Amino acid sequence: MQVQNRIIKVTVINGHGTTLEEAAGQYLGILRENLGKMDYRLSGVSFVNPVYGKERDLRGKPIPFLDAGSYSGVDIRI
């Protein structure tokens, strides 16, 4: 869960993300309404499968300079 300036974003990491997302869908309106009563705003709820996250992390790992071969230029990641 991330909270910034009373705006909340919820990320649910679960192996059954699709099933859980379908089950939780009916409660998101209630969650949004009750957070509003407490002067918070729900920006969104996302469901992430941890298996896909691990695969994404493996693809994003940098290659050691010695293994990369010849290179010239600048890379910037923000």
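Reply: Happy to! Let's start at R6, which is partly exposed with a relative accessible area of 38%; buried means under 20%, exposed over 50%, and partly exposed in between (1.4 Å probe, protein chains only). This is a predicted model, where local features need pLDDT of at least 70, side-chain atom pairs count only at pLDDT 80 or more, and totals for chains, interfaces and linings use all residues. Residues are numbered from 1 along each chain as its sequence is written, and side-chain values use heavy atoms, leaving out hydrogens and water.

R6 sits in the loop between β1 and β2 (strands are DSSP runs of E, at least two residues, and helices runs of H or I, at least four, numbered from the N terminus). R6 has a positive phi of about 65° without being a glycine. Most residues other than glycine have a negative phi.

On to the sheet: 3 strands form an open, mixed sheet in the order β1-β2-β3, where pairing takes at least two DSSP bridges between two strands. β1 (2-4) and β3 (41-48) are the edges, each with a single partner strand, so one side of each lacks a neighbour in the sheet. Strand β2 (residues 7-13) runs parallel to β3 over 7 bridges, and L42 in β3 is the bridge partner of I8.

Helix α2 (residues 28-37) packs on this sheet, touching β2 and β3, at about 145° to the direction of β3. Contact means heavy atoms within 4.5 Å; axes are lines fitted to C-alpha atoms, for helices over the stretch in contact, with angles from 0 to 180 degrees between N-to-C directions.

Finally, D39 lies in the loop between α2 and β3, is exposed at 55% relative accessible area, and has a positive phi of about 65° though not a glycine.
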